[in-house]
Amino acid sequence: MSEREQALPTLARLRTPELHEGGPRLVLVGPMGSGKTTVGTRVANRLGLAFVDSDREIEREAARSIPEIFASEDEQYFRALEERVIARLLAEHEGILALGGGAVTSPATRERLRHVPVVRLLLDADHARERIGSGTGRPVLAGDDPHGRWIRVSREREPLFAQVAVWALDTCEASPDELAATLARELTSPQPTTTLD
Ligand SMILES: Nc1ncnc2c1ncn2[C@@H]1O[C@H](COP(=O)(O)OP(=O)(O)O)[C@@H](O)[C@H]1O
Ligand SMILES: O=C(O)C1=C[C@@H](OP(=O)(O)O)[C@@H](O)[C@H](O)C1
Ligand SMILES: [Mg+2]
(Lines give C-alpha, C1' and ligand atoms only; values in the text may rest on other atoms or scores of the structure.)
(Ligands and ions follow the chains in the order given, each with its own letter.)
Protein backbone atom coordinates (compact mmCIF):
# COMPACT_ATOMS: atom_id res chain seq x y z
CA MET A 1 0.00 0.00 0.00
CA SER A 2 1.40 3.42 -0.86
CA GLU A 3 1.82 6.05 1.81
CA ARG A 4 -0.91 8.17 0.20
CA GLU A 5 -3.44 5.35 0.44
CA GLN A 6 -2.39 4.42 3.97
CA ALA A 7 -3.91 6.30 6.91
CA LEU A 8 -1.14 8.23 8.61
CA PRO A 9 -1.00 8.52 12.40
CA THR A 10 -3.08 11.37 13.77
CA LEU A 11 -1.47 14.50 15.13
CA ALA A 12 -3.44 16.08 18.01
CA ARG A 13 -3.30 19.86 18.07
CA LEU A 14 -3.20 21.15 21.66
CA ARG A 15 -2.84 24.88 21.14
CA THR A 16 -2.18 27.53 18.52
CA PRO A 17 1.37 28.79 18.93
CA GLU A 18 2.26 32.46 18.64
CA LEU A 19 5.46 32.06 16.71
CA HIS A 20 8.49 34.30 16.58
CA GLU A 21 10.20 34.76 13.21
CA GLY A 22 13.09 32.37 12.57
CA GLY A 23 14.22 29.53 14.79
CA PRO A 24 13.55 25.82 14.29
CA ARG A 25 10.69 24.67 12.08
CA LEU A 26 9.98 21.90 14.59
CA VAL A 27 11.28 20.84 18.00
CA LEU A 28 10.70 17.28 19.26
CA VAL A 29 10.29 16.57 22.99
CA GLY A 30 9.21 13.44 24.86
CA PRO A 31 10.49 10.64 27.03
CA MET A 32 13.60 8.57 26.34
CA GLY A 33 12.93 6.12 23.51
CA SER A 34 9.91 7.97 22.11
CA GLY A 35 11.82 8.46 18.84
CA LYS A 36 12.84 12.14 18.94
CA THR A 37 16.19 11.45 17.28
CA THR A 38 14.91 8.83 14.82
CA VAL A 39 11.71 10.61 13.75
CA GLY A 40 13.33 14.07 13.76
CA THR A 41 16.02 12.88 11.34
CA ARG A 42 13.38 11.52 8.99
CA VAL A 43 11.24 14.66 9.07
CA ALA A 44 14.34 16.70 8.16
CA ASN A 45 15.18 14.32 5.28
CA ARG A 46 11.65 14.53 3.93
CA LEU A 47 11.64 18.33 3.96
CA GLY A 48 15.27 18.82 2.88
CA LEU A 49 16.05 20.63 6.16
CA ALA A 50 19.03 20.39 8.49
CA PHE A 51 18.66 18.17 11.55
CA VAL A 52 20.31 18.81 14.90
CA ASP A 53 20.06 16.74 18.09
CA SER A 54 20.85 18.64 21.29
CA ASP A 55 22.59 15.56 22.73
CA ARG A 56 25.02 15.39 19.80
CA GLU A 57 25.76 19.14 20.15
CA ILE A 58 26.41 18.70 23.87
CA GLU A 59 28.81 15.84 23.13
CA ARG A 60 30.57 17.94 20.50
CA GLU A 61 30.97 20.94 22.86
CA ALA A 62 32.13 18.79 25.77
CA ALA A 63 34.25 16.56 23.50
CA ARG A 64 32.90 13.62 25.54
CA SER A 65 29.97 11.23 25.31
CA ILE A 66 26.93 11.75 27.54
CA PRO A 67 27.78 8.74 29.75
CA GLU A 68 31.31 10.18 30.13
CA ILE A 69 29.92 13.62 31.11
CA PHE A 70 27.69 12.04 33.77
CA ALA A 71 30.60 9.94 35.05
CA SER A 72 33.29 12.64 35.16
CA GLU A 73 31.01 15.49 36.33
CA ASP A 74 27.41 15.02 37.48
CA GLU A 75 23.85 15.43 36.23
CA GLN A 76 23.71 19.07 37.33
CA TYR A 77 26.72 19.87 35.12
CA PHE A 78 25.05 18.08 32.19
CA ARG A 79 21.77 20.00 32.71
CA ALA A 80 23.54 23.37 32.76
CA LEU A 81 25.38 22.51 29.54
CA GLU A 82 22.13 21.21 28.01
CA GLU A 83 20.29 24.45 28.86
CA ARG A 84 23.05 26.56 27.28
CA VAL A 85 23.30 24.45 24.12
CA ILE A 86 19.53 24.45 23.62
CA ALA A 87 19.32 28.24 24.06
CA ARG A 88 21.89 28.61 21.28
CA LEU A 89 20.15 26.10 19.00
CA LEU A 90 16.74 27.75 19.48
CA ALA A 91 18.28 31.06 18.41
CA GLU A 92 20.41 29.73 15.53
CA HIS A 93 19.02 26.53 14.08
CA GLU A 94 16.35 26.86 11.40
CA GLY A 95 15.72 23.19 10.66
CA ILE A 96 14.45 20.31 12.81
CA LEU A 97 15.65 20.03 16.41
CA ALA A 98 15.40 16.97 18.68
CA LEU A 99 15.93 17.58 22.41
CA GLY A 100 16.99 15.11 25.08
CA GLY A 101 14.20 13.73 27.26
CA GLY A 102 15.19 15.77 30.32
CA ALA A 103 15.57 19.12 28.55
CA VAL A 104 12.11 20.25 29.70
CA THR A 105 13.14 20.05 33.37
CA SER A 106 14.81 23.46 32.89
CA PRO A 107 12.35 26.33 33.54
CA ALA A 108 14.45 28.58 31.28
CA THR A 109 14.20 26.07 28.42
CA ARG A 110 10.44 25.74 28.93
CA GLU A 111 10.11 29.51 28.74
CA ARG A 112 12.17 29.60 25.52
CA LEU A 113 9.92 26.89 24.00
CA ARG A 114 6.73 28.94 24.44
CA HIS A 115 6.94 30.53 20.99
CA VAL A 116 8.33 27.52 19.15
CA PRO A 117 6.49 24.74 17.23
CA VAL A 118 6.97 21.83 19.64
CA VAL A 119 5.69 18.29 19.14
CA ARG A 120 5.47 15.97 22.08
CA LEU A 121 6.04 12.30 21.20
CA LEU A 122 4.05 9.89 23.37
CA LEU A 123 5.25 6.45 24.46
CA ASP A 124 3.63 4.06 26.91
CA ALA A 125 5.47 1.92 29.44
CA ASP A 126 4.95 -1.36 27.53
CA HIS A 127 6.48 -0.07 24.31
CA ALA A 128 9.21 1.74 26.26
CA ARG A 129 10.55 -1.59 27.48
CA GLU A 130 11.65 -2.68 24.00
CA ARG A 131 12.80 0.80 22.93
CA ILE A 132 15.17 1.41 25.85
CA GLY A 133 16.41 -2.16 26.31
CA SER A 134 19.01 -2.30 29.09
CA GLY A 135 19.33 1.52 29.14
CA THR A 136 22.84 1.55 27.66
CA GLY A 137 23.95 5.07 26.71
CA ARG A 138 21.29 6.70 28.92
CA PRO A 139 22.83 7.32 32.37
CA VAL A 140 19.48 8.45 33.84
CA LEU A 141 18.32 4.82 33.45
CA ALA A 142 21.43 3.31 35.07
CA GLY A 143 20.90 0.64 37.73
CA ASP A 144 19.25 -2.75 37.92
CA ASP A 145 15.75 -1.61 36.84
CA PRO A 146 15.98 0.66 33.76
CA HIS A 147 12.30 0.13 32.92
CA GLY A 148 11.20 1.12 36.44
CA ARG A 149 13.42 4.20 36.24
CA TRP A 150 11.92 5.08 32.85
CA ILE A 151 8.38 4.88 34.29
CA ARG A 152 9.20 7.04 37.31
CA VAL A 153 11.16 9.71 35.41
CA SER A 154 8.65 9.88 32.54
CA ARG A 155 5.70 10.29 34.93
CA GLU A 156 7.44 13.16 36.71
CA ARG A 157 8.02 14.92 33.40
CA GLU A 158 4.51 14.44 31.94
CA PRO A 159 3.23 17.90 32.95
CA LEU A 160 6.41 19.52 31.64
CA PHE A 161 6.01 17.97 28.17
CA ALA A 162 2.34 19.00 28.21
CA GLN A 163 3.27 22.58 29.11
CA VAL A 164 5.47 23.17 26.05
CA ALA A 165 3.71 21.10 23.37
CA VAL A 166 1.73 22.47 20.44
CA TRP A 167 0.99 18.96 19.14
CA ALA A 168 1.00 15.44 20.59
CA LEU A 169 1.79 12.35 18.50
CA ASP A 170 1.42 8.80 19.77
CA THR A 171 4.40 6.71 18.62
CA CYS A 172 3.30 3.29 19.93
CA GLU A 173 1.56 1.89 16.87
CA ALA A 174 3.29 3.67 13.98
CA SER A 175 6.69 3.38 12.31
CA PRO A 176 9.24 6.22 12.34
CA ASP A 177 8.51 6.83 8.63
CA GLU A 178 4.76 7.09 9.18
CA LEU A 179 5.27 9.48 12.08
CA ALA A 180 7.69 11.57 10.01
CA ALA A 181 5.18 11.70 7.14
CA THR A 182 2.48 13.02 9.50
CA LEU A 183 4.77 15.74 10.83
CA ALA A 184 6.08 16.71 7.38
CA ARG A 185 2.50 17.03 6.13
CA GLU A 186 1.57 19.29 9.04
CA LEU A 187 4.59 21.52 8.48
CA THR A 188 3.90 21.92 4.78
CA SER A 189 0.15 22.56 5.08
CA PRO A 190 -1.13 26.14 5.58
CA GLN A 191 -0.82 26.95 9.28
CA PRO A 192 -3.56 28.74 11.21
CA THR A 193 -0.95 30.31 13.46
CA THR A 194 -0.42 33.89 14.56
CA THR A 195 3.03 35.41 14.36
CA LEU A 196 4.64 37.73 16.88
CA ASP A 197 7.16 40.37 15.72
N1 LIG B 1 7.93 4.53 16.05
C2 LIG B 1 8.86 3.65 16.38
N3 LIG B 1 8.59 2.34 16.31
C4 LIG B 1 9.53 1.42 16.67
N5 LIG B 1 10.76 1.72 17.11
C6 LIG B 1 11.08 3.00 17.20
C7 LIG B 1 10.16 4.05 16.86
N8 LIG B 1 10.77 5.23 17.06
C9 LIG B 1 12.00 4.95 17.52
N10 LIG B 1 12.20 3.63 17.60
C11 LIG B 1 13.41 2.94 18.10
O12 LIG B 1 13.47 3.22 19.49
C13 LIG B 1 14.82 3.46 19.90
C14 LIG B 1 14.92 4.84 20.53
O15 LIG B 1 14.72 5.85 19.53
P16 LIG B 1 15.37 7.27 19.65
O17 LIG B 1 15.11 7.99 18.37
O18 LIG B 1 16.80 7.17 20.10
O19 LIG B 1 14.51 7.93 20.83
P20 LIG B 1 14.77 9.24 21.68
O21 LIG B 1 15.68 10.13 20.88
O22 LIG B 1 13.41 9.84 21.88
O23 LIG B 1 15.35 8.78 22.98
C24 LIG B 1 15.67 3.29 18.64
O25 LIG B 1 16.17 1.97 18.62
C26 LIG B 1 14.69 3.50 17.50
O27 LIG B 1 15.05 2.81 16.33
O1 LIG C 1 15.78 11.92 29.73
C2 LIG C 1 16.95 12.25 30.07
O3 LIG C 1 17.20 12.77 31.17
C4 LIG C 1 18.05 12.07 29.08
C5 LIG C 1 17.71 11.71 27.79
C6 LIG C 1 18.72 11.46 26.75
O7 LIG C 1 18.19 11.78 25.46
P8 LIG C 1 17.03 10.90 24.73
O9 LIG C 1 15.71 11.32 25.31
O10 LIG C 1 17.16 11.27 23.30
O11 LIG C 1 17.34 9.47 25.00
C12 LIG C 1 19.98 12.28 27.03
O13 LIG C 1 19.71 13.66 26.89
C14 LIG C 1 20.49 12.02 28.41
O15 LIG C 1 20.88 10.67 28.49
C16 LIG C 1 19.46 12.34 29.49
MG1 LIG D 1 17.50 11.10 21.30
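Begin by selecting helix 1 (36-47), helix 2 (54-62), helix 3 (66-72), helix 4 (75-92) and helix 8 (176-188), each of which contributes at least two residues to the lining of the largest pocket. Helices are DSSP runs of H or I with at least four residues, numbered from the N terminus. The model is predicted, and its local features need pLDDT of at least 70, side-chain atom pairs count only at pLDDT 80 or more, and totals for linings use all residues. Residues are numbered from 1 along each chain, ligands from 1 in the order in which they are written, and side-chain values use heavy atoms, without hydrogens or water.

Stay on helix 1, which gives the most to this lining, with four residues. Next, display the 33 lining residues; Met 32, Gly 33, Lys 36, Asp 55 and Arg 138 lie nearest the pocket centre. By class, the lining holds twelve nonpolar, twelve polar (Gly among them) and nine charged (Asp, Glu, Lys, Arg) residues.

Now show ligand 2, which takes up the space of the largest pocket. Of the 13 residues around ligand 2 (a heavy atom within 4 Å), Lys 36, Asp 55, Arg 79, Arg 138 and Arg 157 come nearest.

An oxygen atom of ligand 2 lies 2.6 Å from a side-chain N or O atom of Arg 138. For Asp 55, a polar side-chain atom is 2.7 Å from a ligand 2 oxygen. At Gly 102, a backbone N or O atom is 3.2 Å from an oxygen of ligand 2.

How values were computed. On a 1 Å grid over the protein atoms alone, a cavity is a set of points where a 1.4 Å probe fits but cannot get out, and a pocket is an open set with protein on both sides within 12 Å along at least five of seven lines; lining residues have an atom within 4 Å of a point. A polar contact is a pair of N or O atoms within 3.5 Å; within protein, one must be able to donate a hydrogen and the other to accept it, and residues adjacent in sequence count only if both atoms are side-chain atoms. A molecule sits in a cavity or pocket if more than half of its atoms lie within 2 Å of its grid points.
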